[in-house]
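Biologist: I am new to this structure. Please show it to me, and then let us read some features together.

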Amino acid sequence: MSDLIALETESLKAIAAAADEAALENVRVNALGKKGTISALLSTLGKMSPDERKAEGAKINLLKEHVTEALVQRKAVLKNMALEHRLKSETIDISLPPRDSSLTTGRVHPISQVMDELTTIFADMGFSIAEGPDVETDDFNFTRLNFPPGHPAREMHDTFFFNPAADGTRKLLRTHTSPVQVRTMLSQKPPIRVICPGRTYRCDSDQTHTPMFHQVEGLVIEKGAHLGHLKWILQEFCKAFFEVPSVNMQFRPSFFPFTEPSVEVDIQCSRKGGEIRFGEGTDWLEILGCGMVHPNVLRNCGLDPEEYTGFAWGMGIDRLAMLKYGISDLRQMFEGDVRWLSHYGFKPLETPTLAGGLSG
Ligand code: DAH
């Protein structure tokens, strides 16, 4: 009996003294493991008479219970202690200023910079941002935008298609940001004023084309919206974006299935010495496509063309970045070369603002 009490005292002492979970596991194995002290006691029961076994068995089992309970409690305490230690040692002081190294070496990619600039300019005109998925349905990318099945304009998009689903429909990588127009008209009530920047994909690659590129779409749906509003918005945008006091723009008739009339816009520039400058010169450079939203598109998106009109435009963000920042090869933009980025990138804390200057 006194042996059992001594063993219990000793075990409980060892448990209390275990400084971490590994030490505690050692104590457990020494007591309750196959060759442990308590297991050894239990194995003596087999040689006892039934009466003895009944009396001794109860005592040994009580001892085992006490030790097991103490182990469980100590384990919980040690676990908590370990967690607290980790939380203390891994604390991050988020009020610290950024390290010098990230400010001097980290750079914002020109595409992200231009997206921030676009957002700043259009937010000031009351636009919000709309987004859609890169993997689109044929319906949203083409059909509802008034590209009927088999329409030749579909072929011009060099589309990446996914394998057809069981029902015959095919998903695709969106070839333009225009499907976000459809999504926006289906999910919001006019008046609508959104821009939709994002990734787009076409099977094409050379100095001025990459299979993945970026576009920004603009959409306004409002009673009485007309081409004059569109023209003003684009003019204000170009002045703000290229950071010049005035720009001459030329609106040429064009064709897009989803707009009627459709227009392409050129801005005046000079190319003296191979350098493009806006707001001066006698050359013209095409920068975007736009037009009044086609009545079929309005109808396909649940709007009555008798009640609402609207206009839309689409521009290549990569091209805007190349023009503004003198980048000559589009492909380099997506090669992930840090030397390129440290040359063309922007300091992380120089966020574009209209008051403080867009490009620092
Ligand atoms: N989605 C066209 C393209 O990728 C660009 C575009 C043209 C968008 C005219 C428009 C628009 O919203 O009105 O070529």
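Biologist: Is glutamate 243 buried, partly exposed or exposed?

Modeller: Buried means under 20% relative accessible area, exposed over 50%, and partly exposed in between, with a 1.4 Å probe and protein chains only. Glutamate 243 has a relative accessible area of 40%, so it is partly exposed. Its phi is positive, about 55°, although it is not a glycine. Glutamate 243 sits in the loop between helix H10 (227–242) and strand S6 (249–256). Helices (H or I, at least four residues) and strands (E, at least two) are DSSP runs, numbered from the N terminus.

Biologist: What should I know about the source?

Modeller: This is a predicted model: local features need pLDDT of at least 70, side-chain atom pairs count only at pLDDT 80 or more, and totals for chains, interfaces and linings use all residues. Residues are numbered from 1 along each chain as its sequence is written, and side-chain values use heavy atoms, with hydrogens and water left out.

Biologist: Is asparagine 146 buried or exposed?

Modeller: Asparagine 146 counts as buried because its relative accessibility is 15%. Its phi is also positive, near 75°. Asparagine 146 belongs to the loop between helix H7 (138–141) and helix H8 (152–155).

Biologist: Which residues of H2 are buried?

Modeller: They are Leu24, Val27 and Ala31. They share one side of H2, because their arc is only 55°. The face turned away carries exposed Ala22, Asn26 and Asn30.

Biologist: Which residues are closest to the ligand?

Modeller: A residue is near a molecule if one of its heavy atoms lies within 4 Å of it. Here 15 residues surround the ligand, and the closest are His176, Ser178, Arg202, Gln215 and Glu217. An N or O atom in the side chain of glutamine 215 is 2.9 Å from a ligand oxygen. Alone, the ligand exposes 350 Å², and the protein buries 90% of that. Such areas come from the Shrake-Rupley method with a 1.4 Å probe; for residues, only the protein chains shown count as cover.

Key: The arc is that of the directions from the helix axis to the C-beta atoms. A polar contact is a pair of N or O atoms within 3.5 Å; within protein, one must be able to donate a hydrogen and the other to accept it, and residues adjacent in sequence count only if both atoms are side-chain atoms.
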